[in-house]
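Tutor: Look through the sequence and the model first. The questions come after that.

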Amino acid sequence: MITYRDARPADAATLDRIFDTSFGDTFGHLYRSEDLDTFLSSFGVSNWEVELEDPANAFRIAEADGETVGYVKLGPLELPVQANGAAVQLDQLYVLKEHHGVGIAHVLMGWALDEALRRGAREMFLSVFVDNHRAKRFYDHYGFEAVGRYDFMVGNHADEDIIMRKVL
């Protein structure tokens, strides 16, 4: 059974584990080990605690039988784009691979869109790796459109990301 709840500062270590695992499973093969290690170690549990306590951010967790298996994070717009009014950034949406395909990402995205509207946002932005076709199809399904590019740094390696926007 999948349940959903808002994240709390006590979830910091769990979010750190989910992020590291999901990112490594999805993208780890693209990088030299030192670049991946540098990237993953640059943000730890104490950073998550700070973000979880910051009201500018919003997190929603998915749990399967009481174990966290995914999350979504909204935050202030930090991508190099010009918003047309109030905007939020979908910073992360991760679901552990063994839980792909059961609808968790869709529920988390629905919550993110509702939360963005509740916060008064008129637009939502995100960035996605140019070769992450699964994620791009997912965001296309929700009406996101490419509006630019962005260099996402993993250690000393620059990934080409696409900046996407959805008008809410």
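**Questions on the model**

Student: Is aspartate 65 buried or exposed?
Tutor: A residue is buried under 20% relative accessible area, exposed over 50%, and partly exposed in between (1.4 Å probe, protein chains only). Aspartate 65 has a relative accessibility of 68%, so it counts as exposed.

Student: What kind of model is this?
Tutor: Residues are numbered from 1 along each chain as its sequence is written, and side-chain values use heavy atoms, with hydrogens and water left out. Local features need pLDDT of at least 70, side-chain atom pairs count only at pLDDT 80 or more, and totals for chains, interfaces and linings use all residues, this being a predicted model.

Student: Where is aspartate 65 placed?
Tutor: Helices (H or I, at least four residues) and strands (E, at least two) are DSSP runs, numbered from the N terminus. Aspartate 65 is not a glycine, yet its phi is positive, about 50°. Its place is the loop between strand 2 and strand 3.

Student: What is the strand order of the open sheet of seven strands?
Tutor: Two strands pair if DSSP finds at least two bridges between them. The pairing in this open sheet is mixed, and the order is 1-2-3-4-5-7-6.

Student: In what sense do strand 4 and strand 5 pair?
Tutor: Strand 3 (residues 67-76) and strand 4 pair in the antiparallel sense over seven bridges, with glycine 75 opposite glutamine 89 in strand 4. On strand 5, methionine 124 stands opposite valine 88. Strand 4 and strand 5 have three bridges, and their sense is parallel.

Student: Why is strand 5 called largely enclosed by the rest of the structure?
Tutor: Strand 5 has seven residues. It is called largely enclosed because the number of them that are buried is six.

Student: At about what angle does helix 1 run to strand 3?
Tutor: Axes are lines fitted to C-alpha atoms, for helices over the stretch in contact, and angles run from 0 to 180 degrees between N-to-C directions. Helix 1 (residues 12-27) lies across several strands, including strand 2 (58-64) and strand 5 (123-129). Its angle to strand 3 is about 90°.

Student: How far apart are the end C-alpha atoms of helix 4?
Tutor: The expected span of a helix is 1.5 Å times one less than its number of residues. Helix 4 has 15 residues and should span 21 Å. The distance between its end C-alpha atoms agrees, at 21 Å.

Student: Which residue with a positive phi follows helix 4?
Tutor: Inside helix 4, the buried residues include Ile104, Leu108, Trp111 and Glu115. After the helix comes a residue with phi near 85°, namely glycine 120.

Student: With which side chain does glutamine 92 make a polar contact?
Tutor: Glutamine 92 lies in strand 4 (residues 87-95) and counts as buried because its relative accessibility is 15%. Contact means heavy atoms within 4.5 Å, and leaving aside neighbours within four places in sequence, glutamine 92 has among its contacts Phe19 and Trp48. A polar contact is a pair of N or O atoms within 3.5 Å; within protein, one must be able to donate a hydrogen and the other to accept it, and residues adjacent in sequence count only if both atoms are side-chain atoms. At 2.8 Å, the side chain of glutamine 92 makes such a contact with that of tyrosine 71.

Student: How far apart in space are lysine 97 and serine 46, C-alpha to C-alpha?
Tutor: Lysine 97 is in the loop between strand 4 and helix 4, while serine 46 lies in helix 3 (residues 45-53). The two are 51 residues apart in sequence. In space, their C-alpha atoms are apart by 25 Å.
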